[in-house]
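Reader: I am new to this structure and would like to learn how to read it. Please take me through some of its features one at a time.

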Amino acid sequence: MSDRSLIDDCFLHDKDRLRHHEALEILKDRLRPVAGTEYVALEDAHRRVLAERITAPRDVPAADNSAVDGYAFRHKDHDPAGGFFKLEQRIAAGHPSDREIGPWAAARIFTGALMPPGADTVAMQEDCERHEQDGKSFVIVPHGLAKGANRRRAGEDVKQGTVLLEPGRRLRPQDVAAIASTGQETVRVHAHLKVGLMSTGDEIRRPGTDLPDGGVYDSNHYLLRGLCQSLDVEIEDLGILNDTADRVEAAMRDAAGRCDMLLTTGGASRGEEDHILTSLDQLGERHMWQLAIKPGRPMMFGQIGDCVFLGLPGNPVAAMVCFLLYARPVLSVLGGGPFTEPQRFLVPAAFEVPKKKPDRREFYRGILTSDETGRTAVTKFTRDGSGLITGLREADGLIEIPEEATRVERGALVTFLPFSGMGLG
Ligand SMILES: Nc1nc2c(c(=O)[nH]1)N[C@H]1C(S)=C(S)[C@@H](COP(=O)(O)OP(=O)(O)OC[C@H]3O[C@@H](n4cnc5c(N)ncnc54)[C@H](O)[C@@H]3O)O[C@H]1N2
Ligand code: MOO
């Protein structure tokens, strides 16, 4: 673990602040899953974190069956010129037949119906011709069908005993479908985490109320609520706290007793009106504060008893960037999942930055576009202010510029973190 984990000087140079990768190491080192487990019906399993290994108890599909509506027969009776078969039976899905297909015989068969004994190949009905003669039915099958054509094999999707899903997986619709395909009707998942959301600042007001001079509407609450909902946690709205030390401390103590995690915004830097830091130090332990990143520098991480504490900066852009980079993996681990890193892609820059401060990692708001040749490229939201929700609204993701970079050249490959790879659809 880093020896810079307890830096507490707001006025350090970036090179002395904790770096992004060191912050991730501290988080990984300190975090353990805390959510208990429960059984839920498959109807309620979407987005929950799996707490058991799912193994296929049987082959899926359970037996050979037809992939099309058509005619099933023995391939060896079908010569290169095609075949003329006597229709002897009719097999629909859910109504298997145990009657053997003999030489030059075929069964009318429908998609999903089990192959009759002896048959190994199916011709699609559109490719066949039917004939009625002397009260009997015949079918002419065209030439060129390979042995096994249009037959789905038992176990071709999943073999009995295959591990379908490991614990820790956040279940997507197709994962729930895979569990359903095994016949299992309930599934063990991690219980919802309880997350307290608290906004701070004398100037902050909820929408729907009058805004006094100098007032600011509490956009961060709705930003964090939505971000948390993408992780399916239970949210407790702790409202807005005024900037008085006693109130902030009492509210944090109270919430920490009930919540698995407490997320605050605002009051993270060390102005005289910023009480989050002092309250955390009074009530619990601070594991990090002040990162060499932009935006998001004053973010803090600590714990109050068993409650994990993340103090996000008040500026909305910094709050969102810190949530996606740090709060999201923290919530995932606490909830029984993996430490989720954002997806990263290298994309050509359709912008340039002539001068960037070294020693800190910067995150710009990135908008996908195409360059002159039609290739996908990324451009930067032009203004850098950390209070501009417009940039977040217009962006498709974040552009990550590493510590050592001092400029960005147009056309150079830059790292792009799509919002869709951080749980935001
Ligand atoms: N002397 C220093 N000043 C500042 C530093 C520093 O290191 N030294 N850091 C700057 C950085 S970087 C950031 S980021 C901000 C964040 O500081 P705080 O977390 O203390 O945030 P506040 O001062 O409370 O608010 C900042 C800004 O955000 C607005 N805000 C706050 N809460 C909300 C909300 N719920 N919804 C919408 N907007 C909100 C608030 O009105 C302020 O405009 O500090 C710098 N200063
Ligand atoms: O984190 Mo602040 O938003 O860097 O300005």
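Reader: In which helix does His20 lie?

Author: This is a predicted model. His20 belongs to helix H1.

Reader: Is His20 buried or exposed?

Author: The limit for buried is under 20% relative accessible area. His20 has 3% relative accessibility and therefore counts as buried. Apart from residues up to four places away in sequence, His20 touches Ile293, Leu325, Tyr326, Arg344, Arg361 and Glu403.

Reader: Which residues of H1 are buried, and what do they pack against?

Author: A general point about helices comes before the case. An α-helix has 3.6 residues a turn, so residues three or four places apart point the same way. In H1 the buried residues are His20, Glu22, Ala23, Leu24, Ile26 and Leu27. They pack against strands S18 (285-289), S19 (293-294), S20 (300-304) and S23 (361-370), and against H6.

Reader: How do I describe the packing of H1 and H6?

Author: Two packed helices are described by the angle between their axes and the distance between the axes. Helix H1 (residues 20-30) packs with H6 at an angle of about 15°, and the axes are 11 Å apart. H1 is therefore roughly parallel to H6, as angles under 35 degrees count as roughly parallel. The crossing of H1 and H6 is right-handed.

Reader: Which residues make the contact?

Author: From H1 there are His20, Ala23, Leu24 and Leu27, and from H6 there are Leu325, Tyr326 and Val330. By class, the contact of H1 with H6 has 6 nonpolar residues, 1 polar and no charged.

Reader: At what angle do H3 and H6 pack?

Author: Helix H3 (residues 219-229) and helix H6 (residues 316-334) pack at about 30°, with 11 Å between their axes. H3 and H6 are therefore roughly parallel to each other. Their crossing is right-handed. On the H3 side the contact has Ser219, Asn220, Leu223, Leu224, Leu227 and Cys228, which meet Pro316, Ala319, Met320, Phe323, Leu324 and Leu331 in H6. The residues of this contact divide into 10 nonpolar, 2 polar and no charged.

Reader: Is Asn220 buried or exposed?

Author: Asn220, in helix H3, is buried, with a relative accessible area of 7%. Beyond its neighbours within four places in sequence, Asn220 is in contact with Thr265, Pro313, Gly314, Pro316 and Ala319.

Reader: Where are the cis peptide bonds from Val60 to Pro61 and from Lys294 to Pro295?

Author: For the bond from Val60 to Pro61, omega is near -10°, and Pro61 is in the loop between strand S2 (54-55) and strand S3 (65-66). For the bond from Lys294 to Pro295, omega is near -5°, and Pro295 is in the loop between S19 and S20.

Reader: What is phi of Arg47, and what is phi of Asn150?

Author: Phi of Arg47 is near 75°, a positive value in a residue other than glycine. Arg47 lies in the loop between strand S1 (37-41) and S2 and is partly exposed, with a relative accessible area of 34%. Asn150, also a residue other than glycine, has a positive phi near 60°. Its loop runs between strand S9 (136-141) and strand S10 (151-152), and Asn150 is partly exposed at 26% relative accessible area.

Reader: Which domains does the chain have?

Author: The domain assignment gives domain 1 (20-36 + 192-334), domain 2 (41-60 + 168-190), domain 3 (65-152) and domain 4 (345-422). Domain 2 and domain 4 have C-alpha centres 38 Å apart.

Terms used. Residues numbered from 1 in each chain as written. Chains lettered and ligands numbered in written order. Predicted model: local features only at pLDDT ≥ 70, side-chain atom pairs only at ≥ 80, totals over all residues. Heavy atoms only, no water. Axes fitted to C-alpha atoms, helices over the stretch in contact; angles between N-to-C directions. Helix = DSSP H or I, 4+ residues; strand = E, 2+ residues; numbered from the N terminus. Parallel < 35°, antiparallel > 145°, perpendicular 65-115°, else oblique. Left-handed = near helix turned anticlockwise from the far one by under 90°. Contact = heavy atoms within 4.5 Å. Nonpolar A, V, L, I, M, F, W, Y, C, P; charged D, E, K, R; others polar. Domains from an automatic or database assignment. Buried < 20%, exposed > 50% of the residue type's maximum accessible area, 1.4 Å probe, protein only.
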